[in-house]
Amino acid sequence: MLPKLKPELIERFLTGNCPPFNDWESFAADEHTHRVYVYGGVRPRDKSLSPTRDFYCLCLKTFKWFKVKVSPVSSDQQLLPALGEPAVAIMTLNSRSYMFLFGGFDSSSRATTNRLISIDLETYIWQYVDVSDSCILPRMSAAMVGVNDELFIFGGRQLYHDELPGILPSFSIATFQQDRGWTWVVKDQVYPSNVRLGHSLKASLIDNRGTVLLSRGWFDNTKAFDLSPEGIVLFDTPSRKLYSGYGTLGEFPKEMAWHLHGPVKFSSKVSGTCFAAWIPYPNTKTLIPEIWLYVPPPIKQFYCLGLRDALWEMGCDMQSLITVGGRAFIMGSQEGHDDDTGYESARIGETEKQPQPCWDVAVELLSG
């Protein structure tokens, strides 16, 4: 059994050039520098749902945002592509941090892509990465994790379409070698028959042995869903094998609109994966995150931390989760939630007459 855990919630007000409170943005954390990056997303009032190329950085030492100007590696390339729901990961190569974007819905071609982009997080220079040994299928809404010199890409969908998304039940691996560059070593390998993860699944590296936690996404975009042990899968990167979460105990999230997770260490005795699920608050239609701690094998259990009431009382519109250096932050806007807005407004966070909200608050979970 774990010690009784009730983290303290510490409100961190973010300053600087705060990014717009976009929908479907991509957050990523650099474990080397303890900086947080946010890319893309769709403006809340944009009915065309066109992705942006926004790129911002948050320094966790100062809790200050700044907008990043990303430049092309050569003159024949121009702006960083505007991609909808690309897979995103940050990893260190040759002692330098890089952010990788794979796939996504390309706003210029109006189609999903299978190109890999790297952004040097010291120079902020971007370039397309050539990956040898042919390509994997184009996609958006995939998950990606960087481990050592490899990128692991899971799932996704081929089409930007709710009814016929073209879900990809497979994983792929690209490996970097100093003398050869990047190579696809696994291409769209189909999951075992007992693994069903949908698209917009979530993935996070949860230990130093290379274990990746995968949690199921959507099969039907229009419905919230309940998580169950079958929706939890562990991927062992050294052996490249998937293991079902069957037998995982505890109270699982229900009626999830979306969820996010990442590794945390609350104390020397308590660590695991922080799992945030956005579910309707009682007697309202507003989506407020509840927080769980997932402890992997041999314990294999979900523990609900019971923080939703405290997050509701803060009155902020919390929409994302980021973990870095064992710390966990619920990210959001001080504009506040509306207890009668419902699912769409909880995602949009504004009305036509209200000012543009921004990512200007982070609630840190500290061990109580």
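A residue is called partly exposed when its relative accessible area lies between the limit for buried, under 20%, and the limit for exposed, over 50%. In this predicted model, His 34 has a relative accessible area of 32% and is therefore partly exposed. His 34 is found in the loop between strand 3 and strand 4, and although His 34 is not a glycine, its phi is positive, at about 55°.

The two strands on either side of this turn form a hairpin with four residues between them; they run antiparallel and are joined by five bridges, and in this pairing Asp 30 has Arg 35 of strand 4 as its bridge partner. Strand 4, which spans residues 35-39, also pairs in the antiparallel sense with strand 5 (residues 55-59), again over five bridges, and here Tyr 39 stands opposite Phe 55. Strand 4 is mostly covered, with four of its five residues buried.

Most residues other than glycine have a negative phi, and most peptide bonds are trans. A positive phi, of about 60°, is also found at Ser 200, which is placed in the loop between strand 19 and strand 20; at 9% relative accessibility, Ser 200 counts as buried. The peptide bond from Pro 297 to Pro 298 is cis, with omega near 15°, and Pro 298 is in the loop between strand 27 and strand 28.

Tyr 160 is found in the loop between strand 17 and strand 18, and it counts as partly exposed because its relative accessibility is 34%.

Note on methods
Residues are numbered from 1 along each chain as its sequence is written. This is a predicted model: local features need pLDDT of at least 70, side-chain atom pairs count only at pLDDT 80 or more; totals for chains, interfaces and linings use all residues. Side-chain values use heavy atoms; hydrogens and water are left out. Buried means under 20% relative accessible area, exposed over 50%, partly exposed in between (1.4 Å probe, protein chains only). Two strands pair if DSSP finds at least two bridges between them.
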